[in-house]
Amino acid sequence: MLGEDIKYRKLKTLEIYRTAEFECKLGWFEILYDLGQKITSYCNHHSLSLPLVIRIKEKFGVLRVQLRIDADKTHSDLMRKWIKMAETDSSVVCEQCGESGILVMDGGRWHTACKNHRSPDSMLAVDFLAKQKEVRERREQNGNV
Ligand SMILES: [Zn+2]
């Protein structure tokens, strides 16, 4: 597996990422690299200017990619669809190592992690949300008494 350093440098070889900061761990390297490559070759092919990276970060456990796209709707809609797909893909890939992962609530924060990169007392997102709902309903019931 590639080290963080090599991953970072490889991302930086794509022009779209030249000035970008990555506010996430690089388990998502392949997702980011594929996305950057796809958008770059698409823009080259259609003689479009490359989108500007506003922000690339982890939020609520998944990847968030904000780009400023300067192209007409047909082109920008397609690129936004790819971004959305990349963000969705990140929810099943460990942010730390790139192995398959799952969205968990871990020590008070969301993250997507494989078995090795989440603590034993982390909760699967579905379980956590179910639990939250249960607590809320119980509170509401108590409030009505
Ligand atoms: Zn992992």
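Strand 3 (residues 102–106) and strand 4 run antiparallel and are joined by five bridges. Within this predicted model, M105 stands opposite W110 in strand 4.

The two strands belong to an open sheet of three strands, in which the order is 4-3-5 and the pairing is antiparallel. Strand 4 (109–113) and strand 5 (123–124) form the edges of this sheet, each pairing on one side only. In general, the strands of a sheet pair through backbone hydrogen bonds, in either a parallel or an antiparallel manner.

| Strand | Residues |
|---|---|
| Strand 3 | residues 102–106 |
| Strand 4 | residues 109–113 |
| Strand 5 | residues 123–124 |

As to the overall architecture, the protein has four helices and five strands. Along the principal axes, the C-alpha trace of the protein spans about 65 × 35 × 20 Å.

Of the 145 residues of the protein, 25% count as buried, a residue being buried if 20 or more other C-beta atoms lie within 10 Å of its own. Among the contacts in the protein with a separation of 6 or more, 42% are accounted for by residues 24 or more positions apart.

Definitions and conventions. Residues numbered from 1 in each chain as written. Predicted model: local features only at pLDDT ≥ 70, side-chain atom pairs only at ≥ 80, totals over all residues. Pairing = 2+ DSSP bridges. Buried ≥ 20, exposed ≤ 12 C-beta atoms within 10 Å, placed from the backbone. Contact = placed C-beta atoms within 7 Å.
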